[in-house]
Amino acid sequence: MLWMAHRQMLLDQAAEAFQKYAYTETIPRISGFRYRIISGSGSHGRTVDIHTDDDLLIVSKDSIGRNLSALDEWLAREEKLFLVVDEAHH
């Protein structure tokens, strides 16, 4: 899953929601997941930090827009991609 937003606050909110709710009884066969937040914030990762075993990328539109090729290896292993654009009107 690729979650994209335009503000760091929205990225942090998405990460918090996934940490809290992503693998409860809704997804019973998963004990955890690996996610990464990508943005210009010092507390977040950079596009060079993306690993092929990341299950979820929560990215700022600006950071990923400047380096779309950073997704190439990550996407190569995926059969399906779920893309969420948070506050798409931006």
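Trainee: What makes K61 partly exposed?
Mentor: First, a caution: this is a predicted model. K61 has a relative accessible area of 33%. Buried needs under 20%, and exposed needs over 50%. The value for K61 falls in between, so K61 is partly exposed.

Trainee: How do you know that D62 and K61 form a salt bridge?
Mentor: Their side chains meet at 2.8 Å, N to O. The cut-off is within 4 Å, so the pair counts as a salt bridge. D62 is partly exposed too, with a relative accessible area of 39%.

Trainee: How many salt bridges does a search of the whole structure find?
Mentor: It finds five.

Trainee: Why does the pair of R34 and D53 count as a salt bridge?
Mentor: The closest N and O atoms are 3.5 Å apart. That is within 4 Å, so the pair qualifies.

Trainee: Which parts does the pair of R34 and D53 tie together?
Mentor: R34 lies in the loop between α1 and β2, and D53 in the loop between β2 and β3. These parts are 19 residues apart in sequence.

Trainee: What is the N to O distance between D54 and R34?
Mentor: It is 2.8 Å, and the two side chains meet in a salt bridge. D54 lies in the loop between β2 and β3, so this pair ties together parts that are 20 residues apart in sequence. There is also a network of salt bridges, linking R34, R36, D53 and D54.

Trainee: Is D54 buried or exposed, and how do you know?
Mentor: D54 has 0% relative accessibility. That is under 20%, so D54 is buried. R34 stands at 34% and counts as partly exposed. D53 is partly exposed as well, at 40%.

Trainee: Now the rings. Why is the pair of W3 and F18 called edge-to-face?
Mentor: A search of the whole structure finds one aromatic pair. The ring centres of W3 and F18 are 5.5 Å apart, and the planes stand at 90°.

Trainee: Where do W3 and F18 lie?
Mentor: W3 lies in strand β1 (residues 2-5), and F18 in helix α1 (residues 8-21). The pair therefore ties together parts that are 15 residues apart in sequence.

Trainee: What makes W3 buried?
Mentor: W3 has 18% relative accessibility, which is under 20%, so W3 is buried. F18, at 19%, is buried by that rule.

Trainee: Which residues does F18 contact, leaving aside neighbours within four places in sequence?
Mentor: They are M1, W3, F33, L56 and I58. F18 and L56 are 38 residues apart along the chain, and their C-alpha atoms are separated by 9.4 Å.

Trainee: Why is S41 called buried?
Mentor: S41 has a relative accessible area of 13%, under 20%, so the label is buried. S41 is found in the loop between β2 (35-38) and β3 (56-60). It touches Q8 and R46, not counting residues up to four places away in sequence.

Trainee: Which residues make the nonpolar surface patch of about 320 Å²?
Mentor: L75, L81, L83 and V85 make it. V85 lies in strand β4 (residues 83-85).

Definitions and conventions. Residues numbered from 1 in each chain as written. Predicted model: local features only at pLDDT ≥ 70, side-chain atom pairs only at ≥ 80, totals over all residues. Heavy atoms only, no water. Phe/Tyr/Trp six-rings, centres within 6.5 Å; stacked < 30°, edge-to-face > 60°. Helix = DSSP H or I, 4+ residues; strand = E, 2+ residues; numbered from the N terminus. Buried < 20%, exposed > 50% of the residue type's maximum accessible area, 1.4 Å probe, protein only. Contact = heavy atoms within 4.5 Å. Patch = residues over 30% accessible without salt bridge, like charges linked within 9 Å, V, L, I, M, F, W, Y side chains within 5 Å. Areas by Shrake-Rupley, 256 points an atom, 1.4 Å probe, with all protein chains shown as cover.
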